[in-house]
Structures are given as structure tokens and as C-alpha cells.
Amino acid sequence: MNFLAKLFDNNERDVAKYRKNADKITALEAQYQALSEEALRAKTDEFKARFTESIDAQGGHESLRQQELDALASGNTAQKHVYRDAINKALDGLQVEAFAACREAARRYLGMRHYDVQLIGGMVQHDGRISELRTGEGKTLMCTLSIYLNALSGLGVHVVTANDYLVKRDAVWMGTLYHALGMSVGILQGTSPETGEGGGTFIYDPTYEDPSVDGLDARFRYSRQTSRRADAYECDITYGTSSEFGFDYLRDNMVPDPTYLTQVRGHNFAVVDECDSNLIDEARTPLIISGQSDKGSDLYYSM
């Protein structure tokens with residue numbers, strides 16, 4: 001009966017498929033461990049070039065995007081995901097090698113190695129599904145796999161976390177790994193006890209030393225304050241809370257001129273940490289921007 005249950009269990013079949021890829025990643029481990037720092041970092045440029053070649057072979061960025069826009073305008077639901085499908089196809093061809101590079105960077109620069117279950121979790125995330133790990137099983141490290149892979153597109157990745165503290169902690173913690181692989185990291189925080197009076201927008205910069213950071217967490221000294229529009233959202237990877245991303249989106253819909261837009265690159269791929277909290281609990285509180293009315297209510301009373 002156990003055998004039959006597994007045979008007809010979709011979840012078991014999916015995990016078996018993912019496990020095959022995990023074995024392929026592990027088979028590359030010795031090869032990637034032998035790479036120098038420069039060679040490991042150069043893998044990112046190689047992956048980006050291969051991604052572009054794959055997109056070009058499918059019709060090119062502009063052509064595929066226009067096809068998707070035309071499909072949306074005509075209501076052709078069968079074709080509306082043509083651009084996203086092309087991106088996924090290009091990234092799927094890089095998954096095994098990109099995960100191997102990310103695993104090696106984590107081992108080398110963070111002293112942590114992705115377990116097979118984390119590799120499988122990263123594949124699940126890349127497929128746009130929910131991967132559930134228990135507390136302490138390494139969700140923060142696991143997420144780096146799908147984040148790095150999708151950042152290879154050059155279209156940006158947003159990482160949505162639960163609060164301002166986790167935004168900065170995860171960004172500077174995993175920033176070492178991303179920086180070693182040639183990726184830039186942006187950090188979006190709001191006004192809270194963790195960020196001080198003015199809130200904060202930062203980028204991870206290991207060449208910067210913030211003199212205001214005390215000895216509680218020395219990693220924070222690598223966060224350099226910067227502008228939200230010109231820097232943080234232009235990074236390969238941007239960490240923030242759901243409210244910060246949400247309010248920036250709302251403000252972008254109110255700007256009088258496109259030069260004031262912050263989320264200029266649009267929305268490509270997002271990893272939602274604590275998705276039950278962000279997509280259910282937090283979603284119950286609407287994001288509202290309100291202000292003083294320009295006109296008085298005299299006309300209302302007159303009518």
C-alpha cells in the first residue's frame with residue numbers, strides 16, 4: 001500500500017524529479033570547489049551570456065515582450081505568458097550549474113553548504129511554488145539558490161521579508177555570497193525602531209565601513225546609505241518588506257512624471273519569505289496613501 005500511495009502521489013513524483021537534479025548538482029561539487037575565486041565569479045558572466053543567447057534563439061527580448069503585450073491587449077490568454085515562459089526556459093537550462101556555483105559560494109564564503117533538501121526547496125521556489133521548511137532548517141540560505149538563478153536574467157529579483165530587521169539582516173548576511181558571485185544587493189527599510197528616525201535605503205558594499213554600527217552585528221557596517229530609485233531598485237537583488245514594496249508601487253501610480261518612478265524595471269521575480277504571514281496575515285491590512293483634498297467641500301453642500 002505504501003508503494004501504491006507513493007506511485008500516485010504527485011508530491012512524491014515531483015520530489016523524485018527534483019532529486020535527480022540535486023544529484024546532478026552534487027556531481028559538479030568537486031569541479032566547482034577546484035575553481036579559483038575569479039573563476040567562480042566569472043561563472044555569473046558566463047551564465048548571463050548563455051541566458052541572453054537562449055532568449056535570442058527564442059526571438060529576442062523585445063520581440064517576446066511585444067508578443068506578450070499584444071496577447072494581453074487582444075485577450076489571448078493562451079499566449080499572454082510567452083515572455084515569462086521564454087525566461088523560464090532559458091533559466092531552466094542553467095539551473096544545475098547555477099545552483100552548484102551558489103552552493104560553492106556559500107560553502108566558501110559563509111561556511112555553510114546547502115543540503116540536498118535545500119537544493120530541492122530552491123527548485124520548488126524557482127517553479128513558483130511554496131517550499132515549506134521548519135524553523136532552523138535554513139530557509140534564508142535555501143532562498144539564495146532561486147534568487148541567484150533568477151537574478152541572472154538581469155531583470156531584478158525582489159525578496160519580500162517579514163520586517164525591517166530581517167530585511168537588513170538577511171541582505172547583509174547573504175550579501176557576502178551574492179557579492180562573491182558578482183551580484184549587487186539593495187536594501188529597503190521603512191521608519192521603525194530598527195532603522196532610526198528616517199528609515200533607510202542601502203546597498204550592500206563590503207568596501208564601506210559604517211562608523212555608526214556597534215559591535216552587536218558587524219555585518220551591518222557594510223550597508224551604505226543610497227537612493228531608492230537610482231540604486232536599490234537597480235540592484236540585481238533587492239530586499240524589502242511587503243509594505244515597502246507595496247507603498248513604492250502605490251506612489252509610482254501617483255507620480256506626475258515618469259522620472260519620479262522608483263520601480264522602473266517592473267516586476268520580474270519575487271521570493272516571499274514567511275509567505276503565510278505576508279500573503280495572508282499582512283494582506284488583511286490594506287495599504288492606503290491619503291492626503292489633504294485640494295478642493296473644499298462647499299460644492300458638496302451646495303449641491
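**Reading pockets, cavities and contacts**

Analyst: We begin with the largest pocket: 19 residues line it, and those nearest its centre are Gln 125, Ile 130, Ser 131, Val 272 and Cys 275. Please bear in mind throughout that this is a predicted model.

User: Which elements give two or more residues to the lining of the largest pocket?

Analyst: They are α9, β6 (269–272) and α12 (275–281). Of these, β6 gives the most, with four residues. The space in this pocket amounts to about 450 Å³.

User: How is the lining of the largest pocket divided by class?

Analyst: One sorts the lining residues into nonpolar, polar and charged. Here the largest pocket has ten nonpolar, three polar and six charged residues in its lining.

User: Ser 131 was named among the residues nearest the centre of the pocket. Where is Ser 131 found, and is it buried or exposed?

Analyst: Burial is judged by relative accessible area, and a residue under 20% counts as buried. Ser 131 has a relative accessible area of 18%, so it is buried. It is found in the loop between α8 (116–126) and α9. Apart from neighbours within four places in sequence, Ser 131 is in contact with Gly 121, Val 124, Gln 125 and Met 142.

User: Which residues line the largest cavity?

Analyst: The lining consists of Lys 139, Thr 140, Cys 143, Ile 147, Val 159, Thr 161, Asp 170, Tyr 239, Val 271 and Asp 273. Both α9 (139–151) and β1 (157–161) supply at least two of the lining residues, and α9 has the largest share, four residues. By class there are five nonpolar, two polar and three charged residues.

User: Ile 147 is in that lining. What is Ile 147 in contact with?

Analyst: Leaving aside neighbours within four places in sequence, Ile 147 is in contact with Val 157, Val 159, Tyr 178, Ile 237, Tyr 239 and Val 271. Among these, Val 159, Tyr 239 and Val 271 also belong to the cavity lining. Ile 147 lies in helix α9, and with a relative accessible area of 0% it is buried.

User: How is the lining of the second largest cavity divided by class?

Analyst: It has four nonpolar, five polar and one charged residue. Its lining includes Leu 155, His 158, Tyr 233, Gln 263 and Arg 265.

User: I now wish to read aromatic pairs. How many does the whole structure hold?

Analyst: Ring pairs are classed by the angle between their planes, and over 60 degrees counts as edge-to-face. The search finds two aromatic pairs. In one, Tyr 204 and Tyr 222 have ring centres 6.1 Å apart and planes at 80°, so this pair is edge-to-face. Tyr 204 lies in strand β3 (residues 200–204) and Tyr 222 in the loop between β3 and β4 (223–225), so the pair ties together parts that are 18 residues apart in sequence. Both tyrosines, Tyr 204 and Tyr 222, are buried.

User: Which rings does Lys 168 lie over?

Analyst: The charged end of Lys 168 sits over the ring of Phe 202, 3.9 Å from its centre. Lys 168 also lies over the face of Phe 220, at 5.8 Å from the ring centre.

User: Finally, which residues of helix α11 are buried?

Analyst: In α11 (residues 242–252) the buried residues are Glu 244, Phe 245, Gly 246, Asp 248 and Asp 252. They pack against β1, β2 (185–189) and β5 (237–241).

Methods:
Residues numbered from 1 in each chain as written. Predicted model: local features only at pLDDT ≥ 70, side-chain atom pairs only at ≥ 80, totals over all residues. Heavy atoms only, no water. 1 Å grid on protein atoms, 1.4 Å probe; cavity = no way out; pocket = protein on both sides within 12 Å on 5 of 7 lines; lining within 4 Å. Points joined across faces, edges and corners; volume = space filled by probe spheres on them. Phe/Tyr/Trp six-rings, centres within 6.5 Å; stacked < 30°, edge-to-face > 60°. Buried < 20%, exposed > 50% of the residue type's maximum accessible area, 1.4 Å probe, protein only. Lys NZ or Arg CZ within 6 Å of the ring centre and 35° of its normal. Contact = heavy atoms within 4.5 Å.
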